Amino acid sequence: MARTPAASPPEVSVVVPVFDEEGAAPALAREIAAAFKGRNYEMIFVDDASRDGTREALKVLSGEIPQLRVLSHAKNSGQSRAIRSGILAARGAVIVTLDGDGQNDPADGPGLVDALSAGPPELALVGGERVKRQDSAAKKVASRIGNGVRKRLLNDTANDTGCGLKAFRREAFLRLPYFDHIHRYLPALMQREGYQTAFRPVNHRHRQTGASKYTNLGRLWASLSDLFGVIWLQSRARNPGGVDEI
C-alpha cells in the first residue's frame, strides 16, 4: 500500500541508490536519520534490483524511520538511473545524494545543504570533495588522472566529481539532459545551464561491507565515451542570460 504524503512537503530529500548493499544500507539509513534529525527531510533509498536482501532490510527499517521511503527497480539500470528515479519521486526542493556503500559520511550532508541555502539564487549545486580518501592506491591514482583530464577539458572547476555526496536544487537537475553516468558530470552540466557550483571538503570512509561495483578499466571506458558526449553538449549550449516576460 502506498504511503499517504505528508501535508507539508519536506525541504530536503536525501536520495541513496543501492545495489546489493544489504550489509551497509540499514546502518547508513540510521546515520542519515541522525544527521538530519530536527530538519524537515525525507530519505529515499532506490534499490536497483538487488540480488540480496537489501530491499527487505530497508522495508523492515521503514517502520523504525518514518522519513524512509524505499523504491525498487524491476531490473538493474545503473547508479545514474537509480538517482534519477529517486529525484523524480522526491518531494523536497533540495536534493542530497550519497553513495549506498557507506563510504560517504552522512554527517557532512547538512553542511552542504546549509552552504547551498546560504548562497545566491544562481548557486544550484554544492559538491563534496573527498579528503584522505580510503581507497586502494590504484583507485586513487586512476581517479586523480580521470578528474584532472575531465577538469581540463570541461573547465568545470570540480576536483572530485566522483564523490557521491552532493546537494543541489531539484528544479535545476530536472533541466539537465539525462544520460547514463550523468551523476559524474553534474557540475559541468549545471554550469552549461548558467548555474553556479561550489565545493566543500567532506569525510571519506573505508567500505565496511560488500564490494565495489566498478573496475578501473570499466570506469575508464565509460568516462571516455561520456566525456566526449559532454564536450559535445557544451558546444551546443545556447544560454539566453535570463528570460523576462514583458
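## Salt bridges

Arg-130 forms a salt bridge with Asp-160, with the closest N and O atoms 2.7 Å apart (a side-chain nitrogen of Lys or Arg within 4 Å of a carboxyl oxygen of Asp or Glu). Arg-130 lies in strand 5 and Asp-160 in the loop between helix 5 (137-154) and strand 6 (166-169), so the pair ties together parts 30 residues apart in sequence. Helices (H or I, at least four residues) and strands (E, at least two) are DSSP runs, numbered from the N terminus. Both Arg-130 and Asp-160 are buried (under 20% relative accessible area; exposed is over 50%, partly exposed in between; 1.4 Å probe, protein chains only).

The structure holds 10 salt bridges. Glu-42 meets Arg-69 at 3.0 Å, N to O. Glu-42 also meets Arg-91, at 3.5 Å. Glu-42 counts as buried because its relative accessibility is 2%. Arg-69, at 22%, counts as partly exposed.

## Model basis

This is a predicted model: local features need pLDDT of at least 70, side-chain atom pairs count only at pLDDT 80 or more, and totals for chains, interfaces and linings use all residues. Residues are numbered from 1 along each chain as its sequence is written, and side-chain values use heavy atoms, leaving out hydrogens and water.

## Nonpolar cores

The largest nonpolar core has 29 residues (buried Ala, Val, Leu, Ile, Met, Phe, Trp, Tyr and Cys residues joined through side-chain atoms within 4.5 Å). Val-14, Ile-32, Met-43, Phe-45 and Val-96 have the most contacts inside it. Helix 1 gives the largest share, 5 residues. Apart from this core lies another, of 26 residues, including Ile-83 and Leu-233.
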